[in-house]
Amino acid sequence: MTTHTTHAADSFRRQYDAMKAQAQTWQRTWKELAKYIAPTRGFFDADRANDGRKIDHRTLIDSDPLLAVEVLSAGMVSGLTSPSRSWFELGLPDENQMKQTAARNWLAEVRRRMESVFARSNLYNTLHGFYQEIAVFGTAAFLLEEDFERVLSCRSFTAGEYVLGCDEKGRVNAFGREFWMTPAQMREKFGQENLPLAVQRAAEAQREEWFQVLHVIVPNPSADADKIDVRHMAYTSAYFTPQGHLLKQGGYRQFPVIAARWEVKNSADIYGRGPGWKCLGDVKMLQKMQKTKLIALDKNTNPPMMVSANVQGEVNLLPGGLTRYNGTTDAAVKPAYQVPVDLQALEASIAQVKQTIKSQFFADVFLMLSTQNYTQMTATEVAERHQEKMLVLGPVLERLKNELLDPLIERSFDLMYRRGVIPLPPPQMQGQDVKVQYISMIAQAQKAGGLAALQQGIRYAASLAQGNPQVLDKVNFDAALEEGLALLGVPPALLRSEQETQQLRQARLQQQAHLSDGKTNEASL
(Lines give C-alpha, C1' and ligand atoms only; values in the text may rest on other atoms or scores of the structure.)
Protein backbone atom coordinates (compact mmCIF):
# COMPACT_ATOMS: atom_id res chain seq x y z
CA MET A 1 0.00 0.00 0.00
CA THR A 2 1.45 3.35 -1.03
CA THR A 3 1.82 6.37 1.24
CA HIS A 4 -0.67 8.25 -0.94
CA THR A 5 -3.45 5.73 -0.39
CA THR A 6 -2.68 5.61 3.33
CA HIS A 7 -2.97 9.39 3.63
CA ALA A 8 -6.20 9.35 1.59
CA ALA A 9 -7.73 6.68 3.84
CA ASP A 10 -6.67 8.63 6.93
CA SER A 11 -8.35 11.75 5.55
CA PHE A 12 -11.58 9.88 4.88
CA ARG A 13 -11.42 8.27 8.32
CA ARG A 14 -11.13 11.68 9.99
CA GLN A 15 -14.21 12.91 8.12
CA TYR A 16 -16.12 9.80 9.10
CA ASP A 17 -15.08 10.06 12.76
CA ALA A 18 -16.23 13.70 12.83
CA MET A 19 -19.68 12.75 11.52
CA LYS A 20 -19.89 9.80 13.92
CA ALA A 21 -19.04 11.99 16.90
CA GLN A 22 -21.93 14.31 16.02
CA ALA A 23 -24.30 11.31 15.87
CA GLN A 24 -23.35 9.94 19.30
CA THR A 25 -25.75 12.20 21.22
CA TRP A 26 -28.64 11.05 19.03
CA GLN A 27 -27.96 7.34 19.42
CA ARG A 28 -29.13 7.23 23.03
CA THR A 29 -32.68 8.04 21.95
CA TRP A 30 -32.44 5.90 18.79
CA LYS A 31 -31.65 2.84 20.94
CA GLU A 32 -34.69 3.47 23.13
CA LEU A 33 -36.88 3.98 20.07
CA ALA A 34 -35.65 0.70 18.60
CA LYS A 35 -36.26 -1.09 21.88
CA TYR A 36 -39.82 0.13 22.44
CA ILE A 37 -41.21 0.90 18.96
CA ALA A 38 -39.07 -0.74 16.25
CA PRO A 39 -37.44 -3.92 17.64
CA THR A 40 -36.48 -5.17 14.16
CA ARG A 41 -34.75 -1.92 13.21
CA GLY A 42 -31.62 -0.10 14.28
CA PHE A 43 -28.01 -1.29 14.09
CA PHE A 44 -25.69 -0.11 16.83
CA ASP A 45 -22.17 -0.69 18.10
CA ALA A 46 -23.00 -3.87 20.01
CA ASP A 47 -24.73 -5.50 17.04
CA ARG A 48 -22.98 -7.93 14.73
CA ALA A 49 -23.57 -8.71 11.08
CA ASN A 50 -26.11 -11.42 10.24
CA ASP A 51 -27.04 -11.76 13.89
CA GLY A 52 -30.72 -12.52 14.55
CA ARG A 53 -31.59 -10.24 17.42
CA LYS A 54 -34.06 -11.60 19.95
CA ILE A 55 -37.06 -9.37 20.65
CA ASP A 56 -37.55 -8.56 24.32
CA HIS A 57 -41.19 -9.52 24.86
CA ARG A 58 -40.92 -8.66 28.52
CA THR A 59 -40.67 -5.04 27.36
CA LEU A 60 -42.95 -5.27 24.30
CA ILE A 61 -46.17 -6.60 25.75
CA ASP A 62 -48.55 -4.50 23.65
CA SER A 63 -47.89 -4.36 19.90
CA ASP A 64 -50.22 -1.43 19.13
CA PRO A 65 -47.32 1.07 18.68
CA LEU A 66 -45.72 -1.25 16.12
CA LEU A 67 -49.05 -1.52 14.30
CA ALA A 68 -49.38 2.28 14.27
CA VAL A 69 -45.98 2.54 12.58
CA GLU A 70 -47.03 -0.03 9.99
CA VAL A 71 -50.23 1.88 9.27
CA LEU A 72 -48.33 5.13 8.80
CA SER A 73 -45.70 3.61 6.50
CA ALA A 74 -48.30 1.77 4.42
CA GLY A 75 -50.40 4.92 4.24
CA MET A 76 -47.43 6.99 3.10
CA VAL A 77 -46.56 4.47 0.40
CA SER A 78 -50.09 4.27 -0.97
CA GLY A 79 -50.91 7.94 -0.43
CA LEU A 80 -47.62 9.61 -1.40
CA THR A 81 -45.66 7.25 -3.68
CA SER A 82 -48.11 4.59 -4.75
CA PRO A 83 -46.77 1.87 -7.07
CA SER A 84 -50.28 1.30 -8.45
CA ARG A 85 -51.09 4.83 -9.64
CA SER A 86 -49.26 7.90 -10.94
CA TRP A 87 -47.94 10.11 -8.16
CA PHE A 88 -46.00 12.69 -10.15
CA GLU A 89 -46.47 14.70 -13.32
CA LEU A 90 -43.78 16.33 -15.47
CA GLY A 91 -44.25 19.79 -16.92
CA LEU A 92 -42.52 22.92 -18.22
CA PRO A 93 -42.25 26.35 -16.61
CA ASP A 94 -43.55 27.93 -19.84
CA GLU A 95 -47.28 27.24 -20.06
CA ASN A 96 -47.36 28.13 -23.75
CA GLN A 97 -44.90 25.33 -24.49
CA MET A 98 -47.00 22.94 -22.44
CA LYS A 99 -49.83 23.52 -24.90
CA GLN A 100 -47.73 22.08 -27.74
CA THR A 101 -48.59 18.49 -28.57
CA ALA A 102 -44.97 17.38 -29.07
CA ALA A 103 -43.92 18.69 -25.66
CA ARG A 104 -46.84 17.09 -23.85
CA ASN A 105 -46.32 13.75 -25.58
CA TRP A 106 -42.60 13.76 -24.71
CA LEU A 107 -43.29 14.54 -21.04
CA ALA A 108 -45.96 11.84 -20.87
CA GLU A 109 -43.56 9.28 -22.40
CA VAL A 110 -40.78 10.23 -19.97
CA ARG A 111 -43.13 9.79 -17.02
CA ARG A 112 -44.28 6.41 -18.34
CA ARG A 113 -40.69 5.20 -18.65
CA MET A 114 -39.76 6.47 -15.20
CA GLU A 115 -42.75 4.69 -13.67
CA SER A 116 -41.74 1.50 -15.49
CA VAL A 117 -38.18 1.72 -14.15
CA PHE A 118 -39.44 2.41 -10.62
CA ALA A 119 -41.69 -0.66 -10.80
CA ARG A 120 -38.84 -2.93 -11.97
CA SER A 121 -36.43 -1.69 -9.32
CA ASN A 122 -36.61 -2.21 -5.57
CA LEU A 123 -37.62 1.42 -4.98
CA TYR A 124 -41.07 0.81 -3.50
CA ASN A 125 -39.83 -1.84 -1.07
CA THR A 126 -37.15 0.61 -0.02
CA LEU A 127 -39.66 3.43 0.44
CA HIS A 128 -41.79 1.27 2.75
CA GLY A 129 -38.84 0.82 5.10
CA PHE A 130 -37.87 4.46 4.59
CA TYR A 131 -41.22 5.66 5.93
CA GLN A 132 -40.93 3.34 8.92
CA GLU A 133 -37.48 4.70 9.73
CA ILE A 134 -38.46 8.35 9.44
CA ALA A 135 -41.62 7.83 11.51
CA VAL A 136 -39.78 6.14 14.38
CA PHE A 137 -36.32 7.72 14.39
CA GLY A 138 -37.09 11.01 12.61
CA THR A 139 -34.41 10.45 9.94
CA ALA A 140 -34.20 8.00 7.06
CA ALA A 141 -31.78 7.45 4.18
CA PHE A 142 -31.10 5.17 1.23
CA LEU A 143 -28.54 5.03 -1.56
CA LEU A 144 -29.81 5.36 -5.14
CA GLU A 145 -27.34 4.01 -7.68
CA GLU A 146 -27.24 2.89 -11.29
CA ASP A 147 -27.97 -0.77 -11.95
CA PHE A 148 -26.96 -2.38 -15.23
CA GLU A 149 -29.91 -4.79 -15.15
CA ARG A 150 -32.71 -2.72 -13.61
CA VAL A 151 -31.38 0.79 -14.42
CA LEU A 152 -31.87 1.85 -10.77
CA SER A 153 -31.06 0.11 -7.52
CA CYS A 154 -31.63 1.20 -3.90
CA ARG A 155 -29.76 0.21 -0.77
CA SER A 156 -31.67 1.01 2.42
CA PHE A 157 -30.13 1.81 5.80
CA THR A 158 -31.32 1.77 9.38
CA ALA A 159 -30.65 4.08 12.32
CA GLY A 160 -27.20 3.69 13.86
CA GLU A 161 -25.81 2.14 10.67
CA TYR A 162 -24.99 5.46 9.00
CA VAL A 163 -24.04 9.05 9.78
CA LEU A 164 -24.75 12.29 7.93
CA GLY A 165 -23.26 15.73 7.43
CA CYS A 166 -24.84 19.01 6.29
CA ASP A 167 -23.72 22.12 4.42
CA GLU A 168 -24.13 25.68 5.67
CA LYS A 169 -27.77 25.72 4.47
CA GLY A 170 -28.71 22.65 6.49
CA ARG A 171 -28.89 20.35 3.46
CA VAL A 172 -27.49 16.83 3.79
CA ASN A 173 -24.35 16.62 1.65
CA ALA A 174 -22.15 14.01 3.38
CA PHE A 175 -22.70 10.37 4.29
CA GLY A 176 -20.80 7.62 6.05
CA ARG A 177 -21.54 4.10 7.21
CA GLU A 178 -20.01 1.00 8.78
CA PHE A 179 -20.92 -2.41 7.47
CA TRP A 180 -19.60 -5.96 7.33
CA MET A 181 -18.56 -8.12 4.38
CA THR A 182 -17.21 -11.63 3.90
CA PRO A 183 -13.84 -12.12 2.14
CA ALA A 184 -15.64 -13.43 -0.96
CA GLN A 185 -17.88 -10.36 -1.08
CA MET A 186 -14.91 -8.02 -0.69
CA ARG A 187 -13.00 -9.78 -3.46
CA GLU A 188 -15.99 -9.49 -5.79
CA LYS A 189 -16.54 -5.80 -5.08
CA PHE A 190 -13.00 -4.46 -4.71
CA GLY A 191 -10.78 -6.98 -6.50
CA GLN A 192 -8.25 -9.38 -4.98
CA GLU A 193 -5.31 -7.01 -5.51
CA ASN A 194 -6.96 -4.21 -3.49
CA LEU A 195 -7.62 -6.26 -0.36
CA PRO A 196 -5.49 -6.27 2.81
CA LEU A 197 -3.29 -9.32 3.22
CA ALA A 198 -5.45 -10.81 6.00
CA VAL A 199 -8.56 -10.58 3.83
CA GLN A 200 -6.73 -12.08 0.84
CA ARG A 201 -5.68 -15.09 2.91
CA ALA A 202 -9.20 -15.52 4.28
CA ALA A 203 -10.61 -15.36 0.75
CA GLU A 204 -8.13 -17.94 -0.54
CA ALA A 205 -8.95 -20.24 2.37
CA GLN A 206 -12.67 -19.66 1.73
CA ARG A 207 -13.26 -18.82 5.37
CA GLU A 208 -16.65 -17.34 6.29
CA GLU A 209 -15.47 -14.43 8.41
CA TRP A 210 -16.84 -10.93 8.72
CA PHE A 211 -14.62 -7.90 8.09
CA GLN A 212 -15.63 -4.34 8.83
CA VAL A 213 -15.68 -1.83 5.96
CA LEU A 214 -16.24 1.92 6.12
CA HIS A 215 -17.77 3.95 3.31
CA VAL A 216 -17.97 7.74 2.99
CA ILE A 217 -19.46 10.04 0.34
CA VAL A 218 -18.31 13.62 0.82
CA PRO A 219 -18.04 16.81 -1.26
CA ASN A 220 -14.98 16.81 -3.48
CA PRO A 221 -12.74 19.86 -2.93
CA SER A 222 -11.20 19.22 -6.38
CA ALA A 223 -14.56 19.18 -8.18
CA ASP A 224 -14.50 20.68 -11.67
CA ALA A 225 -17.70 20.70 -13.74
CA ASP A 226 -15.68 21.08 -16.95
CA LYS A 227 -13.93 17.73 -16.38
CA ILE A 228 -15.71 14.38 -16.54
CA ASP A 229 -13.15 12.08 -14.91
CA VAL A 230 -13.86 10.47 -11.54
CA ARG A 231 -11.39 12.56 -9.54
CA HIS A 232 -13.13 15.80 -10.52
CA MET A 233 -16.74 14.78 -9.84
CA ALA A 234 -18.83 16.76 -7.37
CA TYR A 235 -18.68 14.04 -4.69
CA THR A 236 -15.97 11.58 -3.70
CA SER A 237 -16.82 8.03 -2.64
CA ALA A 238 -14.28 5.94 -0.72
CA TYR A 239 -14.27 2.45 0.81
CA PHE A 240 -11.60 1.66 3.40
CA THR A 241 -10.90 -0.55 6.40
CA PRO A 242 -10.75 0.69 10.02
CA GLN A 243 -6.99 0.04 9.86
CA GLY A 244 -6.59 2.65 7.08
CA HIS A 245 -6.42 0.45 3.98
CA LEU A 246 -8.07 2.17 1.00
CA LEU A 247 -10.14 -0.38 -0.88
CA LYS A 248 -11.77 1.71 -3.59
CA GLN A 249 -12.19 5.36 -4.50
CA GLY A 250 -14.70 6.76 -6.97
CA GLY A 251 -17.09 9.64 -7.43
CA TYR A 252 -20.61 10.83 -8.16
CA ARG A 253 -21.84 13.70 -10.30
CA GLN A 254 -24.61 14.39 -7.78
CA PHE A 255 -25.22 13.37 -4.19
CA PRO A 256 -26.52 9.77 -4.44
CA VAL A 257 -27.97 9.46 -0.93
CA ILE A 258 -31.63 10.32 -0.44
CA ALA A 259 -31.84 11.48 3.19
CA ALA A 260 -34.87 13.14 4.77
CA ARG A 261 -35.87 14.34 8.22
CA TRP A 262 -39.44 14.37 9.61
CA GLU A 263 -38.89 17.71 11.28
CA VAL A 264 -35.78 19.67 12.25
CA LYS A 265 -35.71 21.69 15.44
CA ASN A 266 -33.17 24.21 14.14
CA SER A 267 -30.83 24.61 11.18
CA ALA A 268 -27.88 23.28 13.19
CA ASP A 269 -29.49 19.86 13.66
CA ILE A 270 -28.25 17.20 11.26
CA TYR A 271 -30.84 14.61 12.25
CA GLY A 272 -34.58 14.95 12.66
CA ARG A 273 -37.22 14.08 15.19
CA GLY A 274 -40.35 12.17 14.27
CA PRO A 275 -43.56 10.90 15.84
CA GLY A 276 -41.57 8.23 17.68
CA TRP A 277 -39.75 10.93 19.64
CA LYS A 278 -43.00 12.57 20.69
CA CYS A 279 -44.80 9.45 21.90
CA LEU A 280 -41.92 7.44 23.37
CA GLY A 281 -43.12 8.30 26.87
CA ASP A 282 -46.66 7.20 25.97
CA VAL A 283 -45.33 3.90 24.59
CA LYS A 284 -43.37 3.25 27.78
CA MET A 285 -46.44 4.08 29.84
CA LEU A 286 -48.60 1.75 27.72
CA GLN A 287 -46.24 -1.18 28.25
CA LYS A 288 -46.15 -0.52 32.00
CA MET A 289 -49.95 -0.25 32.19
CA GLN A 290 -50.37 -3.52 30.32
CA LYS A 291 -47.87 -5.20 32.62
CA THR A 292 -49.71 -3.83 35.67
CA LYS A 293 -53.03 -5.10 34.30
CA LEU A 294 -51.62 -8.58 33.71
CA ILE A 295 -50.14 -8.70 37.21
CA ALA A 296 -53.46 -7.59 38.71
CA LEU A 297 -55.38 -10.19 36.73
CA ASP A 298 -52.85 -12.85 37.68
CA LYS A 299 -53.14 -12.01 41.38
CA ASN A 300 -56.90 -11.94 41.13
CA THR A 301 -57.15 -15.37 39.50
CA ASN A 302 -54.18 -16.94 41.25
CA PRO A 303 -53.58 -14.91 44.44
CA PRO A 304 -50.71 -15.45 46.87
CA MET A 305 -51.82 -17.87 49.60
CA MET A 306 -51.38 -18.26 53.36
CA VAL A 307 -51.03 -21.86 54.56
CA SER A 308 -51.71 -22.96 58.13
CA ALA A 309 -49.00 -24.84 60.02
CA ASN A 310 -51.50 -27.65 60.47
CA VAL A 311 -51.55 -28.49 56.77
CA GLN A 312 -50.32 -32.00 56.04
CA GLY A 313 -48.20 -32.38 52.93
CA GLU A 314 -48.34 -30.16 49.87
CA VAL A 315 -51.16 -27.70 49.15
CA ASN A 316 -53.23 -28.83 46.18
CA LEU A 317 -54.48 -25.72 44.33
CA LEU A 318 -55.91 -27.62 41.35
CA PRO A 319 -59.69 -27.59 40.76
CA GLY A 320 -61.19 -30.26 43.03
CA GLY A 321 -57.87 -30.78 44.76
CA LEU A 322 -57.74 -32.10 48.34
CA THR A 323 -55.50 -30.68 51.07
CA ARG A 324 -55.47 -32.33 54.53
CA TYR A 325 -54.89 -30.47 57.77
CA ASN A 326 -55.33 -31.06 61.53
CA GLY A 327 -57.07 -27.82 62.50
CA THR A 328 -60.73 -27.56 63.35
CA THR A 329 -61.62 -23.87 63.05
CA ASP A 330 -59.50 -21.58 60.90
CA ALA A 331 -59.11 -22.23 57.18
CA ALA A 332 -55.95 -24.09 56.40
CA VAL A 333 -55.37 -22.28 53.09
CA LYS A 334 -56.61 -18.77 52.22
CA PRO A 335 -55.51 -15.78 50.09
CA ALA A 336 -52.85 -13.64 51.69
CA TYR A 337 -54.65 -10.47 50.56
CA GLN A 338 -57.34 -9.43 48.09
CA VAL A 339 -56.52 -7.22 45.08
CA PRO A 340 -59.53 -5.12 44.02
CA VAL A 341 -59.14 -4.62 40.28
CA ASP A 342 -61.17 -1.95 38.48
CA LEU A 343 -60.70 -3.42 35.02
CA GLN A 344 -63.08 -0.99 33.38
CA ALA A 345 -61.14 2.08 34.53
CA LEU A 346 -57.82 0.44 33.68
CA GLU A 347 -58.98 -0.54 30.19
CA ALA A 348 -60.28 3.00 29.60
CA SER A 349 -56.91 4.48 30.56
CA ILE A 350 -55.08 2.03 28.29
CA ALA A 351 -57.44 2.83 25.41
CA GLN A 352 -56.78 6.54 25.86
CA VAL A 353 -53.02 6.04 25.72
CA LYS A 354 -53.37 3.84 22.62
CA GLN A 355 -55.41 6.53 20.90
CA THR A 356 -52.75 9.12 21.70
CA ILE A 357 -50.05 6.92 20.15
CA LYS A 358 -52.16 6.31 17.04
CA SER A 359 -52.74 10.04 16.67
CA GLN A 360 -49.03 10.78 16.98
CA PHE A 361 -48.34 8.34 14.14
CA PHE A 362 -51.29 9.71 12.11
CA ALA A 363 -52.86 6.26 12.07
CA ASP A 364 -56.26 7.92 12.55
CA VAL A 365 -55.63 9.91 9.36
CA PHE A 366 -54.87 6.89 7.20
CA LEU A 367 -57.57 4.71 8.76
CA MET A 368 -60.09 7.52 9.01
CA LEU A 369 -62.83 6.13 6.80
CA SER A 370 -62.59 2.63 8.28
CA THR A 371 -62.32 3.55 11.96
CA GLN A 372 -64.87 6.37 12.20
CA ASN A 373 -68.60 6.32 11.64
CA TYR A 374 -69.47 8.39 8.58
CA THR A 375 -72.75 6.67 7.79
CA GLN A 376 -74.73 9.76 8.78
CA MET A 377 -72.57 12.20 6.79
CA THR A 378 -72.78 13.34 3.21
CA ALA A 379 -69.97 12.79 0.72
CA THR A 380 -69.13 16.48 0.88
CA GLU A 381 -68.76 16.37 4.67
CA VAL A 382 -66.54 13.29 4.46
CA ALA A 383 -64.33 15.03 1.88
CA GLU A 384 -64.05 18.14 4.04
CA ARG A 385 -63.00 16.14 7.11
CA HIS A 386 -60.55 14.16 5.00
CA GLN A 387 -59.03 17.41 3.79
CA GLU A 388 -58.79 18.82 7.31
CA LYS A 389 -56.87 15.80 8.55
CA MET A 390 -54.53 15.78 5.55
CA LEU A 391 -53.69 19.44 6.18
CA VAL A 392 -52.15 18.38 9.51
CA LEU A 393 -49.45 16.57 7.51
CA GLY A 394 -48.72 19.70 5.47
CA PRO A 395 -45.37 20.75 7.03
CA VAL A 396 -44.09 17.17 7.02
CA LEU A 397 -45.06 16.61 3.40
CA GLU A 398 -43.37 19.84 2.34
CA ARG A 399 -40.11 18.66 3.90
CA LEU A 400 -40.49 15.24 2.30
CA LYS A 401 -41.05 16.94 -1.05
CA ASN A 402 -37.77 18.86 -0.71
CA GLU A 403 -35.66 16.09 0.82
CA LEU A 404 -37.17 12.90 -0.62
CA LEU A 405 -39.33 13.35 -3.70
CA ASP A 406 -37.45 16.10 -5.53
CA PRO A 407 -33.99 14.47 -5.13
CA LEU A 408 -35.47 11.06 -6.04
CA ILE A 409 -37.00 12.33 -9.29
CA GLU A 410 -33.97 14.44 -10.24
CA ARG A 411 -31.41 11.70 -9.65
CA SER A 412 -33.55 9.03 -11.32
CA PHE A 413 -34.04 11.26 -14.35
CA ASP A 414 -30.30 11.95 -14.55
CA LEU A 415 -29.34 8.26 -14.31
CA MET A 416 -31.94 7.24 -16.87
CA TYR A 417 -30.93 10.01 -19.26
CA ARG A 418 -27.26 9.00 -19.13
CA ARG A 419 -28.27 5.36 -19.74
CA GLY A 420 -30.28 6.40 -22.82
CA VAL A 421 -33.59 5.34 -21.30
CA ILE A 422 -34.99 8.88 -21.62
CA PRO A 423 -35.75 9.83 -25.26
CA LEU A 424 -34.32 13.02 -26.70
CA PRO A 425 -36.67 15.98 -26.22
CA PRO A 426 -38.23 17.86 -29.17
CA PRO A 427 -36.04 20.63 -30.63
CA GLN A 428 -38.16 23.39 -29.12
CA MET A 429 -37.54 21.94 -25.64
CA GLN A 430 -33.75 21.82 -25.84
CA GLY A 431 -32.22 23.50 -22.80
CA GLN A 432 -35.56 23.81 -20.98
CA ASP A 433 -35.93 22.80 -17.33
CA VAL A 434 -38.49 20.15 -16.46
CA LYS A 435 -40.63 20.83 -13.41
CA VAL A 436 -42.31 18.17 -11.29
CA GLN A 437 -45.84 18.31 -9.93
CA TYR A 438 -47.00 15.72 -7.41
CA ILE A 439 -50.44 14.24 -7.94
CA SER A 440 -50.55 11.54 -5.28
CA MET A 441 -53.66 10.95 -3.17
CA ILE A 442 -52.22 12.95 -0.28
CA ALA A 443 -51.16 15.79 -2.58
CA GLN A 444 -54.63 15.89 -4.10
CA ALA A 445 -56.23 15.90 -0.66
CA GLN A 446 -54.16 18.93 0.25
CA LYS A 447 -55.16 20.69 -2.96
CA ALA A 448 -58.83 19.94 -2.40
CA GLY A 449 -59.18 23.24 -0.56
CA GLY A 450 -58.28 25.10 -3.74
CA LEU A 451 -60.81 23.11 -5.73
CA ALA A 452 -63.55 23.87 -3.19
CA ALA A 453 -62.74 27.58 -3.42
CA LEU A 454 -62.83 27.40 -7.23
CA GLN A 455 -66.20 25.66 -7.23
CA GLN A 456 -67.58 28.17 -4.73
CA GLY A 457 -66.41 31.05 -6.91
CA ILE A 458 -68.09 29.60 -10.01
CA ARG A 459 -71.34 29.08 -8.09
CA TYR A 460 -71.19 32.66 -6.83
CA ALA A 461 -70.71 33.97 -10.37
CA ALA A 462 -73.66 31.84 -11.56
CA SER A 463 -75.90 33.27 -8.81
CA LEU A 464 -75.01 36.83 -9.86
CA ALA A 465 -75.68 35.96 -13.50
CA GLN A 466 -79.32 35.33 -12.66
CA GLY A 467 -79.72 39.07 -12.16
CA ASN A 468 -77.24 40.18 -14.84
CA PRO A 469 -76.05 37.56 -17.39
CA GLN A 470 -73.24 39.87 -18.53
CA VAL A 471 -71.37 39.03 -15.32
CA LEU A 472 -70.33 35.72 -16.87
CA ASP A 473 -68.34 37.62 -19.52
CA LYS A 474 -65.82 38.28 -16.76
CA VAL A 475 -65.27 34.57 -16.01
CA ASN A 476 -62.66 32.62 -17.99
CA PHE A 477 -64.25 29.18 -17.93
CA ASP A 478 -61.41 27.59 -19.92
CA ALA A 479 -58.90 28.71 -17.28
CA ALA A 480 -61.24 27.52 -14.51
CA LEU A 481 -61.48 24.10 -16.15
CA GLU A 482 -57.70 23.77 -16.52
CA GLU A 483 -57.12 24.89 -12.93
CA GLY A 484 -59.74 22.52 -11.56
CA LEU A 485 -58.44 19.53 -13.51
CA ALA A 486 -54.90 20.34 -12.35
CA LEU A 487 -56.09 20.31 -8.73
CA LEU A 488 -57.73 16.94 -9.37
CA GLY A 489 -54.49 15.56 -10.84
CA VAL A 490 -55.87 14.96 -14.33
CA PRO A 491 -52.97 14.62 -16.83
CA PRO A 492 -52.69 17.64 -19.18
CA ALA A 493 -52.40 15.22 -22.11
CA LEU A 494 -56.16 14.61 -21.83
CA LEU A 495 -56.88 18.24 -22.74
CA ARG A 496 -56.97 19.43 -26.32
CA SER A 497 -54.42 22.03 -27.32
CA GLU A 498 -55.48 25.67 -27.70
CA GLN A 499 -55.30 25.36 -31.48
CA GLU A 500 -57.44 22.20 -31.56
CA THR A 501 -59.98 23.80 -29.23
CA GLN A 502 -60.29 26.91 -31.40
CA GLN A 503 -60.68 24.80 -34.55
CA LEU A 504 -63.42 22.73 -32.93
CA ARG A 505 -65.28 25.84 -31.78
CA GLN A 506 -64.92 27.50 -35.16
CA ALA A 507 -66.34 24.43 -36.90
CA ARG A 508 -69.26 24.39 -34.47
CA LEU A 509 -70.00 28.08 -35.14
CA GLN A 510 -69.88 27.48 -38.88
CA GLN A 511 -72.25 24.53 -38.55
CA GLN A 512 -74.64 26.58 -36.45
CA ALA A 513 -74.47 29.44 -38.96
CA HIS A 514 -75.17 27.02 -41.82
CA LEU A 515 -78.21 25.60 -40.01
CA SER A 516 -79.45 29.10 -39.25
CA ASP A 517 -79.15 30.13 -42.91
CA GLY A 518 -81.06 27.00 -43.96
CA LYS A 519 -83.93 27.80 -41.61
CA THR A 520 -84.04 31.41 -42.89
CA ASN A 521 -84.27 30.24 -46.51
CA GLU A 522 -87.07 27.82 -45.63
CA ALA A 523 -88.98 30.63 -43.91
CA SER A 524 -88.64 32.94 -46.95
CA LEU A 525 -90.02 30.23 -49.24
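The following questions and answers concern a predicted model.

In this model, local features need pLDDT of at least 70 and side-chain atom pairs count only at pLDDT 80 or more, while totals for chains, interfaces and linings use all residues. Residues are numbered from 1 along each chain as its sequence is written, and side-chain values use heavy atoms, with hydrogens and water left out.

Student: Is Asp64 buried or exposed?

Tutor: Asp64 lies in helix α2 (residues 64-80); helices are DSSP runs of H or I with at least four residues, numbered from the N terminus. Buried means under 20% relative accessible area, exposed over 50%, and partly exposed in between, with a 1.4 Å probe and protein chains only. Asp64 has 19% relative accessibility, so the residue counts as buried.

Student: Which residues is Asp64 in contact with, leaving aside its neighbours within four places in sequence?

Tutor: Contact means heavy atoms within 4.5 Å. With those neighbours left aside, the residues in contact with Asp64 are Lys354 and Lys358.

Student: Which residue of β5 is the bridge partner of Tyr162?

Tutor: Strands are DSSP runs of E with at least two residues, and two strands pair if DSSP finds at least two bridges between them. Strand β4 and strand β5 (residues 172-181) run antiparallel and are joined by five bridges. In β5, the partner of Tyr162 is Arg177.

Student: Which residue takes a positive phi in the hairpin of β4 and β5?

Tutor: Five residues stand between the two strands of this hairpin. The residue with a positive phi, near 80°, is Gly170.
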